[in-house]
Amino acid sequence: MARTKQATPLRRETSSEYFSIHDRTPRKAELSPNGDTGAQAILAKATPQPDNTIIQLVIAVAGIYGSFLTWAYLQEKLTTTPHGPSGERFHYPVFLLTIQSTFAVLTGYLYLLFRTPRGQPHPPIFPTRAILPPLLLVAFTSALAAPFGYASLSHIDYITFILAKSCKLLPVMALHVTVFRRRYPLYKYLVVAAVTAGVAVFTLHSGSKKQGGRRAANSGQTSWGMLLLAINLLFDGLTNSTQDYIFQTFRAYTGPQMMCANNLLSTLLTAGYLVLSPWLVRTGLGEWLGMDAAGSAGELTSALAFLRRYPGVWGDVLGFAACGAVGQVFICEFHRPSPP
């Protein structure tokens, strides 16, 4: 008589409604190469790594303040220090801006290479043609803002200039609302209004104490200086709001790419102005803009001649450019756009 095969007894499986595959005891095949079970490997991966965000934030903030406080000191020193028996002063803002943007291009490119993971090609500075118009607008407005700011210093004191620049939140928010149709919660409007009002009250109060009897005599010059400063703030606000628009529209675009592109385009624009300034200064437009203040030979030739007469000024010029470039790197570290 042939033997019959014994039927396999029924086994009760746990319901997947309450248990998942990760709840079962792992088989030998599920062991990781180092002998840990799959569940242990998952727990090891889930172990939080030490967070260096606070340290990076402190370093970035310290770098921003250190760089731009030194940058502001050198800017004031350059524009207010008399040189020689005639008391000549350095008043070549476009030349100074060109040196700074050139430094920033080189620094930004090194920063871009440093931020690119090893073994990967660095991202292009201009990834698409569609990004060129807003980048050109940023370069144009940033190149125009500096000369208006320097010109305002001839009519207002430096403390007023710095305090007014602290109100940059107002034009940035206004341009976001009017041009880019962006809306903010009510508390942000209140914060910006409170900060702007506080700075304005402090400026007016300190100015009334210092200038007193000279107010009537200098009111016209001060008004002209405030107008130039307002134009500077408008261009600054348009620059910042357009940069925000670029980061929101082109989500893969990063701070190092923006730093390289913006400073490269700014260098081309300001260098073109310096080359054409000997011709522009002889036109009616140049006279109306006050370009003859730099001399009939143009700003580039006049600035180089000034530096030949006083070579020690080169140290302040290069220090100013280096501080501005390093400050931009710290800003990119502090405000790195989130990945797409």
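Me: The expected span of a helix is 1.5 Å times one less than its number of residues. With that settled, how far does H2 reach from its first C-alpha to its last?

Reply: H2 has 28 residues and reaches 40 Å, close to the expected 40 Å. Please note that this is a predicted model, in which local features need pLDDT of at least 70 and side-chain atom pairs count only at pLDDT 80 or more, while totals for chains, interfaces and linings use all residues. Residues are numbered from 1 along each chain as its sequence is written, and side-chain values use heavy atoms, with hydrogens and water left out.

Me: How many helices and strands are there in the protein?

Reply: The protein has 12 helices and zero strands. Helices (H or I, at least four residues) and strands (E, at least two) are DSSP runs, numbered from the N terminus.

Me: Back to H2. Which of its residues are buried?

Reply: They are Ala60, Gly63, Ile64, Ser67, Ala72, Leu74, Gln75 and Leu78. Buried means under 20% relative accessible area, exposed over 50%, and partly exposed in between (1.4 Å probe, protein chains only). An α-helix has 3.6 residues a turn, so residues three or four places apart point the same way.

Me: And tyrosine 65, buried or exposed?

Reply: Tyrosine 65, which lies in helix H2, is exposed, with a relative accessible area of 56%. Together with Leu57, Val61 and Leu69, Tyr65 makes a nonpolar surface patch of about 400 Å². Patches are made of residues with over 30% relative accessible area and no salt bridge; like charges are joined within 9 Å, and nonpolar side chains (Val, Leu, Ile, Met, Phe, Trp, Tyr) within 5 Å. Accessible areas come from the Shrake-Rupley method with a 1.4 Å probe, and for residues only the protein chains shown count as cover.

Me: What does the UniProt annotation "transmembrane region" cover?

Reply: The unreviewed UniProt entry places it on residues 54-74, 94-114, 135-153, 159-179, 186-204, 224-242 and 263-281. UniProt positions are given in the numbering used here, feature names are shortened, and annotations may be inferred rather than shown by experiment. In the model, residues 54-74 are 100% helix and 0% strand, with the end C-alpha atoms 30 Å apart. Residues 224-242 are likewise 100% helix and 0% strand, with 27 Å between the end C-alpha atoms.

Me: Changing topic: how many salt bridges does a search of the whole structure find?

Reply: It finds two. A salt bridge is a side-chain nitrogen of Lys or Arg within 4 Å of a carboxyl oxygen of Asp or Glu. In one, the side chains of lysine 77 and aspartate 316 meet at 3.5 Å, N to O. Lysine 77 lies in helix H2 and aspartate 316 in helix H12 (residues 313-334), so this pair ties together parts that are 239 residues apart in sequence. Lysine 77 is partly exposed at 33% relative accessible area, whereas aspartate 316 is buried at 15%.

Me: What about glutamate 88 and arginine 309?

Reply: Their side chains meet in a salt bridge at 2.8 Å, N to O. Glutamate 88 is in the loop between H2 and H3 and arginine 309 is in helix H11, so the parts tied together are 221 residues apart in sequence. Glutamate 88 counts as partly exposed at 24% relative accessibility, and arginine 309 counts as partly exposed at 42%.

Me: Now the aromatics. How many aromatic pairs does the structure hold?

Reply: It holds eight. Rings of Phe, Tyr and Trp (its six-membered ring) pair if their centres lie within 6.5 Å; planes under 30 degrees apart count as stacked, over 60 as edge-to-face and the rest as tilted.

Me: Why is the pair of phenylalanine 90 and phenylalanine 306 edge-to-face?

Reply: The ring centres of phenylalanine 90 and phenylalanine 306 are 5.6 Å apart and the planes stand at 70 degrees, so the pair is edge-to-face. Phenylalanine 90 lies in the loop between helix H2 (53-80) and helix H3 (93-115) and phenylalanine 306 in helix H11 (residues 299-309), so the pair ties together parts 216 residues apart in sequence. Both phenylalanine 90 and phenylalanine 306 are buried. Phenylalanine 306 also forms a tilted aromatic pair with tyrosine 310, at 5.1 Å centre to centre and 55 degrees between the planes.

Me: Which residues form one aromatic cluster?

Reply: Phe90, Tyr92, Phe306 and Tyr310 do. Phenylalanine 306 has 0% relative accessibility, and tyrosine 310 counts as buried at 17%.
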